[in-house]
Each structure stands twice: as structure tokens, then as C-alpha cells.
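Look over the sequence and the structure below. Then read this short report with the model open beside you.

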Amino acid sequence: MNELVFFINNVVISGLTIGSIYALGAVGITLIFSILRFAHFAHADLMTLGAFFAFFLTAMFPAVGPAVGLPTAFVMLPLAMVMTAVAAVYIDKGFYKPLRRHGVKPIVIVMASLGVTLMLQGLIRMFMGTSARSMYIDDRKGIHRIELPFELASRPIVLTDPQIIIIVLLVIIVIALHLFLNRTRLGKAMRAMSDNPDLARVSGINTDTVVKVTWVIAGSLAAIAGTMLSLDVSLKPDLSFHLLLPIFAAAIVGGVGHPYGALAGGFVIGFAETLSVFNWAVLLRPFRDYLWFDLPSTLAFVPSEYKITVPFFILLAILVWRPTGLFKGKVL
Amino acid sequence: MALFEATNVHGGYGGMNILNGVNMSLEANEIGVIVGPNGAGKSTMLKAIFGLLHVNEGSIQLRGESITNADPVELVKRKMAFVPQEKNIFPSLTVEENLEMGAFIRHDDFQPMLDKVYSFFPPLADKRKQPAGELSGGQRQMVAMGRALMTEPSLILLDEPTAGLSPLYMSEIFERIISINKAGVGVLMVEQHAKQALKIAHKGFVLVAGQNRFTDTGQNLINDPEVAKAFLGG
């Protein structure tokens, strides 16, 4: 029973948490790709930037969270989302839009986004230094231990505040995004522009507005993902390097240009990571007498320091066997 | 005053002109048909009118106001609409969503117009919740034309509305075009099926090498032996 609790804590809860974070990043990448037709490499840095804004606001008003009983950074999240969304709109205006206007090939804009990556990383380091920071200043991470009402389960299920928040937030965001894309005028215009940008223009759809809305959504979701990840672990300036591959893998696994695919892809990558670094020896221990081999103390597919290779292999596999992704997106 | 007037239009891609002085005019509630051999600049002319191609010389006017090189969004606001030949629907959007996108610039209640489009194209009414990409060629063309009608335009530009359709569908589409026109919409269209199209045309323009070769009423062009021999297959 304890083994099962261990599995729930280390795979189910961790997978849901990191999967949600990857999903939010991947949705942004997929939306930007379907509207602007380029792979936005600086997306992971928008996530870091969002977390940095949340950290900055937490440092300015550290007492807000304890006053309402939530993590301060979470209370500050709406403001950080607005700041990140504005930053995303202006990054587009300053760096990508002039290139689009010249009608350059998408790869040129991809290169520009790599430049934006380096610039954002430099800026973030300039303001907060290179060390990892805790997002908790006047408060502490809330940890909930749920004791199970079973004789054999002496270990509790452990959930942290940020884990609960991100999972709940993701459910809300999925519903909101679905309603936006299918029920609102601008959401439908986004889908129309993704389908056929030339016809969208001919129909009188204001494509500049659609582009702006895309950046606002992608930027806000990036801020949520970055902030919640930093709340659960810590804020590091090089956060984006660890996020870049998984979120792109998630977008591609789901099928680029397909928002629901990106959500699914996020969880595929998230669970693949947690399952592959999980110590299976713990689950097998009760059966050790029946096994034909000596059970080692740790038995994982991948040592946890090589976790980053997991999305890479999934990416390779999907590109070889199903290049359009699970949900049949646009081929890159 | 003419609804639409194009005078001595020159234009093309890059430095090369494809149009070398095209003249056209259309009164309100008229159907104008552009015919001519491949590469004569028929579709290019429609694109030039709709601001999708740069006009280097000449002028285009809508009700006496210049719309030369105007932005497509601006033209939609001025009650013009354009149906491209290919890729003229949003395939993953439902039929109704396609029509709604046609009404994007409208902030008033367009439900009456939606009903009107369904009455123009009854086959669409049963498929309003179906993705437009799943429809047949003829029905897609109806979606495309319906989308363009949603702003209640005074002039609609159609680029080969019957391209790739079976003869049965072709005559159906022509009939729809007549009823749209009777509802008060000026139509300017490019057609490969020159004879059938000129039959319903008030005005016909025969373009060759980016210039008007013949300009007359549809009926006169059909009866002109020279036109018939060279462009209508005898």
C-alpha cells in the first residue's frame, strides 16, 4: 500500500503538475505557429519572464499572500500575466512584425526568436543575478499530507499548494480556451486565420488584432506556467533551457497547430518523464521473493539527471512514426 | 454614376505588368463577366481590384470614389466582397462559422442575413454544423459565396465560381448567381465557361494579353462571329 502511495506521489501528482506546465507552454507554441507560421523559440523565456515578474511583484508586496492565505506569487499572478502579455505583444511588434512585413521566410523569424531568447536571458540575469531564488519571501510553501484510511498505508499522499493550484488552473484554462475558440467572434477568427490566412484577410478579419490576441493568450499562459513551476521548485534564470525541449516536444507530439493536441502532448511528455525516472524497485519490492533476479535498490529507466533526454527520444519517435502528431497537425 | 469603374489599369507582380490597360464599368445590379484565354490576366484583374496586387497605373473607382490599391479590409467595409477561385473556405470551421467570418466586420445582428444565405443555398441549411471541409465541391462554392454575401455587399467579385464542378452543379451555381444579382448585388466574375456565363451577363469583357479585346453586352458578344470563333469555340 505504501508502495502505491509512493507511486501516486512520484508519478501521478508529479506527472500532472509538470504535464500541466508543459501543456500551457505547448498551447502557446501551437497557437503562435498556427497564426504566424513560425516556431517561437523564445517561448520558454516568456515563461521565465512571467515567473520573474511574479517574483519581482512578490518581493515588492511580500505580505499580500499571508494576508489571504495563498502564496504571494499566486496572488500576484494576474498582474504578472498582464505584464508578460504586454511584453509578448511588444516583442512581436519590435522584432517579428518588421520581418513579417518584409515577407521573409519563416526560418528568419525563428532565428530572430533565438535572438530574443538570448536577449531575455541576459536581461533576466541582469536584474536578478544567476542564482536560484525562492518564490516564497514572507510565506512558506503549503504542504498537505492526506492520510489514507487504510491499515496498511502509513505514508500520506503529499500535495503542495502550487501543485493543487496548477492542476485546478489547467482545468479552468482548458474550459476557457475551448469556449473562447468555439464561441467568441475573435476565437473563431483565430481558427479561421489558422485555416486560411489569405481568406481571413479577404473576409475583412482584422488580422493585426488576431495576432495581438494570440500573443496575449500565449504570454499569459506562459506566465502562469513559469510562475507555478517556480513556486513548486525555485526560480532559476536558466529555467527556459529545461523547458524549451519538453514544450516543443509536447507541441509536436500533439500535432502542431492543434491546441487540444498540445494539451495532450504536455501530459504525454510530463508522464513520460516522471515514469522514466521513477524508481520501479519500490513497486516491485513486495514481490521480491517471486522475482527471478535480485532486486536492486534503484531501478529506473533513466537516471533523474538525464530526465531531459526523455522528451528528446519521444520527439524522435513521433517524428519517425507519426510526423503529424497524435492529433494530425500541420507538418513542420 | 457607375457602381464600379476601372480605367486603364496596369499592374502585376514585381516589376512585370500582367495588366496593360484594362477598362471596365458596371452599373448597379449588373452582372459583368470577364472571359479570355489562359494568362490573359482575368484573375489578376480581380486581385488588382481587391487590393491583393499592386496597381501601377490607372484608377479603380467604387461609386465615384477611388479604391485604387485600397486594403482588402477597407474594401469589405465599403461593401465589396471577393470569392477566390481556390481555398475559398475555412475547412475546419463549420458552415455557419464560415458565414459568421464573412460578417466579421459587422457588429449588428446578422441573423436575418444568415437566414437569407440559407434560403439562397438550401443545401447549406442542413449542414450548418458540419465542417465546411467535408462538403462537396459545389457546396463549398456555396459556402464561399455565402460567406461573401454576409456583409450585404453591393459588388461581389467571383473568380471562376464553377471551376472543377460538374455541368449539373455549374448550372445550379449560375442560377444562384442570377438570384443573388436579382436581390440587388452587382456581380463581376471571371469564367472559363465563357458561353454559358455570357448568357447571363449584362456586360462582357474579353481580355487578351492584359487588355480589353472586346467590350459589349453579353448577348452581343455571343452573337459576334469573331468573338464566337476565337473565344467561344465556334
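How many bridges join strand 1 of chain B to strand 2 of chain B? Six bridges join strand 1 (residues 4-11) to strand 2 (residues 19-26), and these two strands of chain B run antiparallel.

## About the model

This is a predicted model: local features need pLDDT of at least 70, side-chain atom pairs count only at pLDDT 80 or more, and totals for chains, interfaces and linings use all residues. Residues are numbered from 1 along each chain as its sequence is written, while chains are lettered from A and ligands numbered from 1 in the order in which they are written.

Helices (H or I, at least four residues) and strands (E, at least two) are DSSP runs, numbered from the N terminus.

## The sheet of chain B

Strands of a sheet pair through backbone hydrogen bonds, either parallel or antiparallel. Here, two strands pair if DSSP finds at least two bridges between them. Chain B has an open sheet of four strands in the order 2-1-4-5, with antiparallel pairing. Strand 2 and strand 5 (65-66) of chain B are at the edges with a single partner strand each, so one side of each has no neighbour in the sheet.

Strand 1 of chain B also pairs with strand 4 (residues 55-62) of chain B, antiparallel, over six bridges. Follow B:His10. It stands opposite B:Asn20 in strand 2 of chain B. B:His10 also stands opposite B:Glu57 in strand 4 of chain B.

Strand 4 and strand 5 of chain B pair antiparallel over two bridges. B:Leu62 has B:Glu65 in strand 5 of chain B as its bridge partner. Helix 1 (residues 42-49) of chain B packs on the sheet and touches strand 1, strand 2 and strand 4 of chain B. Its direction makes about 70° with that of strand 2 of chain B. Such angles run from 0 to 180 degrees between N-to-C directions, and axes are lines fitted to C-alpha atoms, for helices over the stretch in contact.

## Where the chains meet

Two residues are in contact if their C-beta atoms, placed from the backbone, lie within 7 Å. By that rule, 14 residues of chain A are in contact with 21 residues of chain B. Helix 8 (185-195) of chain A gives the most to the side of chain A that touches chain B. It supplies six residues.

Is helix 3 of chain B buried or exposed? Eight of the eight residues of helix 3 (residues 95-102) of chain B are buried, so this helix is largely enclosed by the rest of the structure. A residue is buried if 20 or more other C-beta atoms lie within 10 Å of its own, exposed if 12 or fewer, and partly exposed in between. The cover includes helix 8 of chain A, along with helix 4 (111-120), helix 5 (122-125) and helix 6 (137-149) of chain B.

## Inside chain A

Helix 2 (residues 43-60) and helix 10 (residues 207-232) of chain A have axes that come within 7 Å and cross at roughly 65°. Among the residues that meet are A:His43 and A:Phe53 in helix 2 of chain A, and A:Gly219 and A:Ser230 in helix 10 of chain A.

A:Ile166 lies in helix 7 (residues 161-183) of chain A. A:Ile166 is buried, with 28 other C-beta atoms within 10 Å. Leaving aside neighbours within four places in sequence, A:Ile166 is in contact with A:Thr17, A:Ser20, A:Ile21 and A:Met228. A:Val116 is 50 residues from A:Ile166 in sequence, and 27 Å from it in space, C-alpha to C-alpha.
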